[in-house]
Amino acid sequence: MIPGPFVYHRPASVGEAVGLLAAHGEDARPFAGGHSLIPMMKLRMAAPSHLVDLAGISDLATIRDEGSTVVIGATVTQAALIRSDLLAARLPILRETALQIADPQIRTKGTLGGNVANGDPGNDMPALMQCLGATYVLAGPDGSREVAARDFYEAAYFTLLQPGEILTAVRIPVPPAGHGYAYEKLKRKIGDYATAAAAVVLTLDGSTVASAAIALTNVASTPLFAEEASRLVVGTSLDAATVKAAAEAAKAITDPATDGRGTAEYRREMAGVMVARALVKAADRARTGA
Amino acid sequence: MNEMVITRAEREARLEGMGCKRKRVEDVRFTQGKGQYVDDIKLPGMLHGDFVRSQYAHANIKRIDASKALALPGVVAVITAEELKPLGLHWMPTLAGDVQAVLADGRVSFQNQEIAFVVAENRYIADDAIQLIEVEYEELPVIVDPFRAMDPDAPVLRPDLAGKTTGAHGPRKHHNHIFEWTIGDKSATDDAFANAEVTIKELISYHRTHPSPLETCQCLASFDKIKGELTLYGTFQAPHVIRTVASLLSKIPEHKIHVIAPDIGGGFGNKVGAYAGYICSIVASIVTGLPVKWVEDRMENLSTTSFARDYHMTTEIAATKDGKVTGLRVHVLADHGAFDSCADPSKWPAGFMNIVTGSYDFPVAHLAVDGVYTNKAPGGVAYRCSFRVTEAAYCIERAMDILAQKLGMDPADLRMKNFIRREQFPYQSALGWEYDSGDYHLAMQKAMDAIGYRELRAEQKAKQEAFRRGETREIMGIGVTFFTEIVGAGPSKNCDILGVAMFDSAEIRIHPTGSIIARMGSKSQGQGHETTWAQIIATELGIPADDIMIEEGNTDTAPYGLGTYGSRSTPVAGAAIAMAARKIKNKAQMIAAHLLEVSEYDLEWDIDGFRVKGNPERVKTMKEIAWAAYNSPPPGLEPGLEAVNYYDPPNMTYPFGAYFCVMDIDVDTGVAKIRRFYALDDCGTRINPMIIEGQVHGGLTEAFAIAMGQEIKYDEMGNVQGASFMDFFLPTAVETPHWETDFTVTPSPHHPIGAKGVGESPNVGGVPAFSNAVNDAFGFLGTTHIQMPHDAWRVWEVARRLGLHG
């Protein structure tokens, strides 16, 4: 549990950070909260010789309201997400999800940017960002570009982030007022990754589902946007048969591994249970305005 | 003296003696981060050691090449078995009569086994060096399942024992067999089964887990070449035993070895044994002449130093149709891993497993235990229990529930019907123990009333019907447990470690001004001895507990003792403290008589001093007596006021308790919610009720963890799975249920203050309570026994097999 040698850099701007990453290439890794990378280094499963700490770049630690979009800087911590009145009012599912990540100590260090950029299928925010239709802002030597969260993840720890690029912000379209939401996460204990988890955001038109988005955490090598399941519930009153059908559709796209959390079969079934429970809770919230 | 007159109650309260909820004095430093643990100790020139460990569970080592590591600046030495051989230290004796490789001697037998010890200027360099050491392996077939260990074609796991048909505990039946131990009247037991109206039989397994103290095992060895003296700081539950073992192995005379156990961050059995890290640190310090520190990381702790359990108990009960037990027959397959290095203080290889008749009046019983080797980490240890008592309690408490189910009887009623009755104590059990005292019916009834047992059963019945009608997806379980512990190892007729009898000791010295320093052979790892030992002395000698300093863990100053584990401190060291105090009190009485110019027989003890019978105004307080003891003792009497006692207990003590767990299980996720947990403990005389409650909370939390998911698992190749706190279940405050505690008091008749020990009861009684609740929840659907651990996915699997998911 002792890392190998490395050089620590603390740039003050995105430009400087990108420059450092460009200069050191594959040997350099950016980090923010450090709660994914540092444990890997202590296990010597990662051995970057240059660490670029983004914590000194103050522009990255802000939450901005742009009307129909909320822009969250990469180094905004989970604790800051939880504290934000803006998010509590406009994107309450972010707070609900952040509260289920790790424990208070880790949430004080862990960041939204790190959580979505690392490509760890156990992280909770990637599926949530897919559910919300968020885009990631990536800064590189040739400037800035945007990639949809639903396109970003390729495999465990493999994403569209190129060497030398830094994820600087997440742009989240704000769902309409009165939307229903739920992040249902089954885990063994505080601090654990999900056995299975589901994010749901939906809107109702009377008692009929007008729009819905469903995404899944930790039941495949990447987060999963459950497109078919989302489509199935739109136009329905979310009766028991529809909820079951949506859960089945969501299960069908999962490919979980057997691990200490349970067998692959169990984890697939739990993805279905979490989807069903999240749908019911989200619809209930939409109905009651809770 | 113009002191205000105070009442007797105030004088008594001022002492903060036995029965007082005195705040823990050690917490002043612990809660401020001012504890002094091994890793806080830094000596000039100190080097750091770390291990190269085996990737494989079973392999020959063809070659070790350390040349690149040795070339790394800052690396001082790399020690392998080849370097230890000339010293005769490449193998070491275990506490169980086996031998264990200190560093792999041509072969590794479990994953993460120690292969080489790297000594470097700091931890970082040591770990860099580990990456540079090349080990060439030749993989061998692996045995993980103990039920395959004695297959005729099973690979030979211990070539060093080739041809040895007798081990430390008698004949070996197979090359992977360690021992067979039997006790009880076999033919009478077989007869009971042949004539039984009802029998049950079940394989009840207790999975492999680990004590996982928050502070891992560690030591700091410092050899002074000039004086020829070794100072060894370490996380030792039994510092004197470590000194004796270190002396026997190193040939350094015992008086030239100073073992110091500073503050310890939990032990739970993990820190009783002797580990390769200790030997290698000592050797490295002797070789380099510099202090060498070794600190385990979490993965090393969980995967190498002493697991617990891995006990597979085929259990049978014979009974009459109306529920009277007539016989118990148990066969155990015990997986000891690669070496039999279990930390067993009894004279028998299965420890106190013969407490398996539990709290019940079995007329006959028979127990047989076979120990086997596998390619898993060696051990095991008694994780917060006397050796094998948790296994025994789980075995009988699960089996009694299975019998109740077969008979269609309520499990609490079945227990009531078979309890040893109050008038039967002292009670001779069918497997050879003499239970000291108990009132089981009283305790059980109190517990049933407190939790509203009959109402809970009615609620459960209603919920079962609602579940069958499809109105709920939850099922409710009520776990009933009544356990009897056997603790306080132990009488020299029953117990020893490497031939050292298991007495314990106390030395109390009153200073002239009436304050006290007292030292014991026990060693707190969090139990709060500095608080409770002072309370015993306060009551015995009438000196306020705040004026008493307790010191443990330094073998130069503390009297020889066997340390702290198996709930032995209060039964053994606690008794020694009372006995030493009473020696002092006797002398104090002589001095008081002299000062008061009366006969000793005219004096009586009154809270904090002696007074003249019939003349209560004439008093000498212990404080006054202390001054006189040094400065004006009676003519002919040696000055001073101190005493030592070594206590060899006449018997073990037998704490007991009634635990109830109420649980609701979501059959769709397998998640079990603990609704209530009620624990009634009878530990005899209660020294500090607050500390007892804390002990019970901690032990129940461990029991909850073990029953509901805490496991050391291996894959088929012998790769240890999930040896980190990500997977190994250590509950946080969020997962931990609310605990309701209660008590009855049945003093031990043979203990000077009647105390029995409590630290381990909640682990012993808690595990079956949780497991019985899970089993009880599913029982109405037709299951008889569900193996632990009961983590969500396994509980869900049960529901799936029962067809509950539609």
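A polar contact is a pair of N or O atoms within 3.5 Å; within protein, one atom must be able to donate a hydrogen and the other to accept it, and residues adjacent in sequence count only if both atoms are side-chain atoms. With that in hand, welcome to this predicted model, in which local features need pLDDT of at least 70, side-chain atom pairs count only at pLDDT 80 or more, and totals for chains, interfaces and linings use all residues. Residues are numbered from 1 along each chain as its sequence is written, chains are lettered from A in the order in which they are written, and side-chain values use heavy atoms, with hydrogens and water left out.

**Where the chains meet**

Between chain A and chain B there are 9 residue pairs in polar contact, both residues at pLDDT 80 or more. Helix H12 (residues 264-288) of chain A gives the largest share of the side of chain A that touches chain B, 7 residues; helices here are DSSP runs of H or I with at least four residues, and strands are runs of E with at least two, numbered from the N terminus. The rule also finds 4 salt bridges across this interface, a salt bridge being a side-chain nitrogen of Lys or Arg within 4 Å of a carboxyl oxygen of Asp or Glu. Arg44(A) and Asp128(B) form a salt bridge through their side chains, at 2.7 Å from N to O.

Counting contacts (heavy atoms within 4.5 Å), 25 residues of chain A meet 25 residues of chain B.

**A sheet in chain B**

Chain B has an open sheet of 7 strands with mixed pairing, in the order S3-S7-S1-S16-S13-S14-S15. Two strands pair if DSSP finds at least two bridges between them. At the edges are strand S3 (75-79) and strand S15 (257-260) of chain B, each pairing on one side only. Inside the sheet, strand S1 (residues 47-53) and strand S7 (residues 114-120) of chain B pair in the antiparallel sense over 6 bridges. In that pairing, Gly49(B) stands opposite Val119(B) in S7(B).

**Backbone details to look for**

Most residues other than glycine have a negative phi, and most peptide bonds are trans. Lys251(B) has a positive phi, near 70°, and lies in the loop between helix H7 (239-250) and S15 of chain B.

| Cis peptide bond | Omega |
|---|---|
| Ala489(B) to Gly490(B) | near -25° |
| Met788(B) to Pro789(B) | about -10° |

Gly490(B) sits in the loop between strand S23 (474-484) and strand S24 (496-497) of chain B, while Pro789(B) is in the loop between helix H18 (761-779) and helix H19 (792-801) of chain B.
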